[in-house]
Amino acid sequence: MMGHTVRLAVLAVFVALSLGPFIYMLAFSVKSASEIFSGSLGLLPQSTEGLLNYPRALAAEPLLRYLLNGAIVCAGILIFQLLFAIPCAYAVAKLRFAGRSVVFGLVLFGLLIPIQATALPIYLGLAGVGLLDTYTSLIVPFVASAFGVFLFRQFIKTIPDELLDSARLDGCNEFSVVLRVVAPLTLPTATAFGIFSVVSHWNDLFWPLIVLRSPELNTPPLGILAFRSAEAGDRYGELMAGTVIITAPLVVAFLVAQRRFVEGLSLGALKG
């Protein structure tokens, strides 16, 4: 009983630390500037003036356009990642060929390489073919995901070989096996991977900041930077309102896909 109470207390502390910034973000988004700078830690606004932060944020910057840009980029990246990761994971997990262990080792090595390490050669390559400041420059560097190959490989290894052999006996080639048998079974894992991918690239500031020059192509994090002003100071109320608007789609998507997300991580996806 005592151990159960201690675990609940520890979990409560972690929940408070995790949700605390989001709660204050919501609170500040409906507070006026005078309330924000008053030093009070109260969560409830003292007036309705702060409610104007949302229409002001939408009027000050094309946040809906930034949301659309983020959706296009994240959807494009995820679609190509799935097209690459599932067949590659199937090959590494189920096919027998020389150097399979070496290939999987390279996949694991790829997990250790951050985008910052390869940013310069990728930037120069995109500049050389004239693709900077485009949706393509935001999508292409991430279409091959080592994490995606690893995650799908771990799940595909749990698929019985007899199921794949029966599909081959029915006349399916390896491409058909992947398309008709393996891909439908990986839906929970694809959902879990999709959450990881979308959250990662929706919140990415580093790469868009390097390759974009046109404001109309700004992704959500770049849109938030527009609320910073060296002369007038940061518009914290509008900044928090804009952050809520940009964060809300991720929260809604995760809540909708929560069951599939947990299922995808529990059905052998992280088992060796």
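# Salt bridges and cores in an all-helix model

Asp 165 and Arg 168 form a salt bridge, with their closest N and O atoms 2.8 Å apart. A salt bridge here is a side-chain nitrogen of Lys or Arg within 4 Å of a carboxyl oxygen of Asp or Glu. Both residues sit in helix α9, three residues apart, so about one helical turn separates them. An α-helix has 3.6 residues a turn, so residues three or four places apart point the same way.

The structure is a predicted model, in which local features need pLDDT of at least 70, side-chain atom pairs count only at pLDDT 80 or more, and totals for chains, interfaces and linings use all residues. Residues are numbered from 1 along each chain as its sequence is written, and side-chain values use heavy atoms, with hydrogens and water left out.

**The whole protein**

The protein has 15 helices and zero strands. Helices (H or I, at least four residues) and strands (E, at least two) are DSSP runs, numbered from the N terminus. The C-alpha trace spans about 70 × 65 × 30 Å along its principal axes. Of the 272 residues, 38% count as buried. Buried means under 20% relative accessible area, exposed over 50%, and partly exposed in between (1.4 Å probe, protein chains only).

The accessible surface comes to about 15400 Å², and 71% of it belongs to carbon and sulfur atoms. Areas come from the Shrake-Rupley method with a 1.4 Å probe; for residues, only the protein chains shown count as cover. Contact means heavy atoms within 4.5 Å. Among contacts with a separation of 6 or more, 74% join residues 24 or more positions apart.

Confidence is given as pLDDT, the predictor's score for each residue from 0 to 100. The protein averages 86, and 93% of the residues score at least 70. Where pLDDT is low, the predicted coordinates should not be read in detail.

**The salt bridges**

A search of the whole structure finds three salt bridges.

| Asp 161 | Lys 94 | 2.8 Å |

Shared partners join Asp 165, Arg 168 and Glu 174 into one network. Asp 165 is partly exposed at 37% relative accessibility. Arg 168 is partly exposed at 27%. Glu 174 is partly exposed too, at 32%.

Asp 161 pairs with Lys 94. Asp 161 lies in helix α9 and Lys 94 in helix α4, so the pair ties together parts that are 67 residues apart in sequence. Asp 161 is partly exposed, at 39% relative accessibility. Lys 94 is buried, with a relative accessible area of 13%. Helix α4 covers residues 63-94. Leaving aside neighbours within four places in sequence, Lys 94 is in contact with Arg 100, Ile 156, Lys 157, Ile 159, Asp 161 and Leu 164.

**The cores**

A nonpolar core is a set of buried Ala, Val, Leu, Ile, Met, Phe, Trp, Tyr and Cys residues joined through side-chain atoms within 4.5 Å. The largest one has 25 residues; Tyr 90, Phe 152, Ile 156, Ile 159, Leu 164, Val 177 and Val 182 touch the most other members. At least two core residues come from each of α4, α5 (100-110), α8 (146-156), α9 (161-169), α10 (174-185) and α11 (187-202). The largest share, seven residues, is from α4.

Val 182 touches Ile 86, Tyr 90, Ile 156, Ile 159, Leu 164 and Val 177, not counting residues up to four places away in sequence. A second, separate core has 16 residues, including Met 25, Leu 63, Leu 239 and Ala 241.

Helix α8 is mostly covered, with nine of its 11 residues buried. Phe 152 and Ile 156 are among them. The buried residues of α8 pack against α4, α5, α10 and α11.

Val 15, Leu 19, Phe 22, Ile 23, Tyr 24, Leu 41, Leu 43 and Leu 44 make a nonpolar surface patch of about 790 Å². Patches are made of residues with over 30% relative accessible area and no salt bridge: like charges are joined within 9 Å, and nonpolar side chains (Val, Leu, Ile, Met, Phe, Trp, Tyr) within 5 Å. Leu 41 is in the loop between α2 (33-36) and α3 (53-60). At 67% relative accessibility, Leu 41 counts as exposed.
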